[in-house]
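Keep the 3D view open and look for each spot as you read.

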Amino acid sequence: FILPLVMMGLVGAGMLTWVMIGRLKRASSELENREELSRHQALHDALSGLPNRHHFVERLQDALDGLIQSRNNGRVVVAYIDVDRFKDVNDTMGHQAGDALIMAVAQRLSVTLTPSDFLARFGGDEFAVLRRAVSADAAEELAQRLRSAFEDAFDVYGQHVRMTASIGIAMAPDHGASPQELMRHADIALYQGKNQGRDRAMLFCAEMAAEVEQRREIELDLEGAIQSNALHLHYQPLISCNSGKVTGVAALLRWRHPTRGDLSPAMFVPVAEEAGLMPALGTFVLTRAFEEAKLWPDLEVAINLSPVQFRHVDLVDLLKNLLKDHDVDPSRIVLEVTEGVLMESTERNRQILDAVRELGFKIALDDFGTGYSSLRYLCDFRFDKIKIDRAFVTGIHERKRAMTIIQSVVTLGRGLGMDIVAEGVETEAEASVMRLIGVTELQGFFFSHAVPSAKIAELVDAFGRPAADADTARVRREQRA
Ligand code: C2E
Ligand code: CA
């Protein structure tokens, strides 16, 4: 009686075990699949399906290990590719279009490279390529190949979008032995390429690293200099074409570095902008210029504004407070902005500019002739002044085309009620042409360099005295020099 029961129990248990084993098997194969999937996900980028940074580093390490073992002349080349102005596409065409463009670039790079090249996406608009090669020439070949990938337009939802890329390249063993070092150096080369105007490939060299190091040092010193007040302003006079007198001054930042000597703002302002120091630096300049503006109640004081000050400072508030604290007539303060300010995030910056004008300040379009110099900006926004860049002024009397261009800018600007300043006037000939064309004010070494605030009164005096002839003007200049 018991035996059948036992048998049934055994059979039941056996079946149960069988079912359990089946389930377990399925579960474990599912687990394996999932592991496989998550391993794939861990090593690949979701959008493009390309290997990601982690995967790239693994492969790079393998390649470098291989290089050590092979002991021949081999190279391991790392290239960083960054799509220029990708953000513009995202901003103007939308994120979906941005994604579509990234996929199109990934696709284009894949077909352009050789099958043995290893292509990865690091996120955003950044790609990287790893290439094992038998000689150093491979770097140049890779650079050309990558550049050729951007020759044709990309198809984004039926629209042809032309893009360029900046490329930075480093290779082992020449530029490093570890993945970290090589990647850092490729990044430095890329950064240099971007700085030199984008749309180019750069091979890393030691000087680049030194420059980055130098920028880093300047960045650190600059922070201290802002805090310890080691910076000051010099002022360069602007001369009226009508009266020949000083009508205003332009404030120019000066830094006497303890070991490097006098540093040009053309060099350290960009460092400050990148290092996030520009808000502090810009506030220092504005405050100091407002203080010193009180010394010259009859002069205009021009102050350079960095685009960063529009992004990261409440400029309107800052200016309001300065007006309150210093009791300066805002119509004497000319704020100089470059067209970059109107180009990026246009609406917001335009509102800021409107508000600043509303407070009574004057606004000048600076460096005209260097960037896009779109005449549209002149019509779109009511500037009080246009400052024509030195590049257009130097040697103007010998350059017919440049003269025609300036002539039309002056005519247009004055027609719109703006004053025109010519910057970088170095010779009598340049000054004469500018007067003839209808420029209203002149600024440049021909009249004076930028000088400490204490010297301005003297200059105003010297230019205020009536000049009998060109000779006395020359003598006066020589006295000043
Ligand atoms: P900028 O505003 O166009 O200033 C004129 C620059 O040209 C000054 O150089 C000035 O010394 C120089 N310059 C004037 N006349 C002549 C000339 O006849 N010939 C030549 N070759 N050069 C002349 P600096 O002081 O080195 O300033 C360079 C740039 O740095 C400025 O160009 C301006 O864009 C920027 N900068 C200066 N101070 C500030 C500041 O406080 N804030 C910001 N954001 N930028 C500043
Ligand atoms: Ca300027």
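A polar contact here is a pair of N or O atoms within 3.5 Å. With that in hand, take Q236: an N or O atom in its side chain sits 3.0 Å from a nitrogen atom of ligand 1. Bear in mind that this is a predicted model.

**Around ligand 1**

- Ligand 1 has 21 residues around it, and the closest are Q236, R254, R390, E426 and F445.
- E426 also makes a polar contact, with a polar side-chain atom 2.5 Å from a nitrogen atom of ligand 1.
- On its own, ligand 1 would expose 790 Å², and the protein buries 83% of that.
- Which parts of the fold supply at least two residues each to the shell around ligand 1? They are strand 9 (246-257), helix 8 (265-274), helix 9 (278-293) and strand 13 (362-368).
- Strand 9 gives the most to this shell, with 3 residues.
- Sorted by class, the shell around ligand 1 holds 8 nonpolar, 6 polar and 7 charged residues.

**The calcium ion**

- The calcium ion is ligand 2, and its protein donors are N304 (OD1), E336 (OE), D366 (OD) and D366 (OD), at 2.1 to 2.9 Å from the ion.
- Along the sequence, the donor residues follow the spacing N-x31-E-x29-D.
- N304 belongs to strand 11 and D366 to strand 13, so this pair ties together parts that are 62 residues apart in sequence.

**Empty space inside**

- Rolling a probe the size of a water molecule over the atoms shows where empty space is left.
- How many cavities of 30 Å³ or more turn up in a search of the whole structure? The search finds 1.
- The largest cavity holds about 50 Å³ of space.
- Its lining is made by L238, G248, V249, E300, A302, V334, E336, K385, K387, V421 and E441.
- Strand 9, strand 11 (300-304), strand 12 (333-337) and strand 14 (385-388) each give two or more residues to that lining.
- By class, the lining splits into 5 nonpolar, 1 polar and 5 charged residues.

- Most residues other than glycine have a negative phi, and most peptide bonds are trans.
- Is the peptide bond from A172 to P173 cis or trans? That bond is cis, with omega near 5°.
- You'll find P173 in the loop between strand 6 (165-172) and helix 6 (179-195).
- R85 has a positive phi, near 50°, although R85 is not a glycine.
- Look for R85 in the loop between strand 1 (75-83) and helix 3 (86-93).

Conventions: Residues numbered from 1 in each chain as written. Chains lettered and ligands numbered in written order. Predicted model: local features only at pLDDT ≥ 70, side-chain atom pairs only at ≥ 80, totals over all residues. Heavy atoms only, no water. Near = heavy atom within 4 Å. Polar contact = N/O pair within 3.5 Å; in protein donor to acceptor, adjacent residues only side chain to side chain. Areas by Shrake-Rupley, 256 points an atom, 1.4 Å probe, with all protein chains shown as cover. Helix = DSSP H or I, 4+ residues; strand = E, 2+ residues; numbered from the N terminus. Nonpolar A, V, L, I, M, F, W, Y, C, P; charged D, E, K, R; others polar. 1 Å grid on protein atoms, 1.4 Å probe; cavity = no way out; pocket = protein on both sides within 12 Å on 5 of 7 lines; lining within 4 Å. Points joined across faces, edges and corners; volume = space filled by probe spheres on them. Donors = N, O, S within 2.8 Å, 3.2 Å for Na, K, Ca; no water.
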